[in-house]
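Here is a short report on one protein chain. Please look over the sequence and the structure first.

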Amino acid sequence: MTTILIGLAPGDRGEAASHLGAMIARSTDSPLVVAAITPVPWPPSPFLGDEEYLALQRTAAQDTLNRARQIIGADTDAEYLIESARSVTDGLLTVSERVGAGLVVLGSGTSGVPGRVSLGSIAQRILHSLDTPVCFAPEGFAVAPDARITRITVGFGRADADSGLLTAALDRATQFGIPLRVACFAVRSSTVQLGTIETSAEDLVVGEWADRVRAQIRDAAAAAGADPESLDIVVVAGTGWEETIATLPWGPTDLLAIGAKTSAISRFLLGSHAAKIVKHSPVPVLTVARASLT
């Protein structure tokens with residue numbers, strides 16, 4: 001199976017990423033690599049002050065790996081390493097290429113809201129530089145030592161009818177025996193709350209749109225060789241992204257997969273809707289570049 005890489009930054013306690021990476025590894029019988037990245041000062045100090053700084057950084061990195069080892073447990077086969085690089089991003093990219101990672105797992109930014117995913121500066125740079133799918137853990141994410149993924153939810157958007165996202169999710173869910181749900185989010189306009197649009201008219205528009213989306217999902221599932229009638233398809237509506245996403249029931253071991261656009265200068269580019277889904281997701285989010293799926 002594909003190698004899963006957990007990336008940890010200096011001073012990063014790494015609990016959330018370690019919990020998530022271990023859960024995915026157990027669910028897919030995949031090898032696991034845990035890398036703590038330490039920075040290399042540049043330019044070097046002419047007064048040998050770098051040696052003490054590097055020693056402290058290495059000690060902190062080893063402490064981070066020790067905490068990760070306790071969370072992951074002895075039952076999960078994992079390799080633990082320290083990588084020195086000019087930046088955390090450079091170090092993770094180097095390790096990812098060296099170990100042939102098929103998935104990179106990261107925690108949320110330090111300013112993240114508890115229970116939500118926050119993309120910090122390192123995560124943003126990784127997304128723009130890496131072809132490999134990236135999975136983000138919500139702030140404070142933690143599961144039982146034997147936890148496994150219990151359901152994958154595909155966040156289906158307008159660009160996913162023929163992107164391959166649903167096909168890939170169906171293949172992986174079938175391969176690992178994980179239930180699959182396909183969800184589409186309809187965020188109502190704030191003008192409804194202000195009374196400028198009749199609620200019944202808005203409901204009619206949303207209802208017709210939902211019917212078209214369900215038909216698109218069924219067609220995409222049939223094209224992937226799946227039985228459309230056996231697929232759990234949900235279309236939820238609400239006012240605001242937080243309310244809409246929270247309308248769905250979520251379990252502590254759920255995983256939300258979304259497609260990301262690509263460009264000539266960026267491997268992953270989250271559209272406005274995808275970025276809002278990531279921000280308000282109460283469960284780990286897996287980002288997959290649509291172009292790589294075809």
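The sections below go from the whole chain to single residues.

## Overview

This is a predicted model. The chain has 294 residues, and 49% of them are buried. Its secondary structure comes to 10 helices and 10 strands.

Take the contacts with a separation of 6 or more: 77% of them join residues 24 or more positions apart.

Strand β4 spans residues 101-106. It is mostly covered, with 5 of its 6 residues buried.

β4 pairs with two strands named here. One is β1, residues 3-8, which runs parallel to β4 over 4 bridges. In this pairing, A101 of β4 stands opposite T3. The other is β5, residues 134-136, again in the parallel sense, over 3 bridges. There, L106 has F136 of β5 as its bridge partner.

## Helices α3 and α4

Helix α3 covers residues 88-99, and helix α4 covers residues 121-129. The two pack at an angle of about 45°, and their axes are 9 Å apart. The crossing of α3 past α4 is right-handed.

On the α3 side, the contact is made by V88, T89, L92 and L93. On the α4 side, I122, R125, I126 and S129 take part. Sorted by class, the contact of α3 with α4 has 5 nonpolar, 2 polar and 1 charged residues.

## A173 in helix α5

Helix α5 takes in residues 165-176, and A173 is found there. Is A173 buried or exposed? Its relative accessible area is 6%, so A173 is buried; the cut-off for buried is under 20%.

Which residues touch A173, leaving aside its neighbours within four places in sequence? They are I178 and L180. A173 can also be placed relative to R151. The two are 22 residues apart in sequence, and their C-alpha atoms are 8.3 Å apart in space.

## A60 in helix α2

A60 lies in helix α2, residues 49-72. With a relative accessible area of 27%, A60 is partly exposed. That class applies because 27% falls between the limits of 20% and 50%.

A60 and A9 are 51 residues apart in sequence. In space, the distance between them is 9.9 Å, C-alpha to C-alpha.

## D29 in a loop

Where does D29 lie? D29 sits in the loop between α1 (15-28) and β2 (32-39). Its phi is near 55°, a positive value in a residue other than glycine.

D29 is exposed, with a relative accessible area of 62%. The class follows from the cut-off, since exposed means over 50%.

How values were computed. Residues numbered from 1 in each chain as written. Predicted model: local features only at pLDDT ≥ 70, side-chain atom pairs only at ≥ 80, totals over all residues. Heavy atoms only, no water. Buried < 20%, exposed > 50% of the residue type's maximum accessible area, 1.4 Å probe, protein only. Pairing = 2+ DSSP bridges. Axes fitted to C-alpha atoms, helices over the stretch in contact; angles between N-to-C directions. Left-handed = near helix turned anticlockwise from the far one by under 90°. Contact = heavy atoms within 4.5 Å. Nonpolar A, V, L, I, M, F, W, Y, C, P; charged D, E, K, R; others polar.
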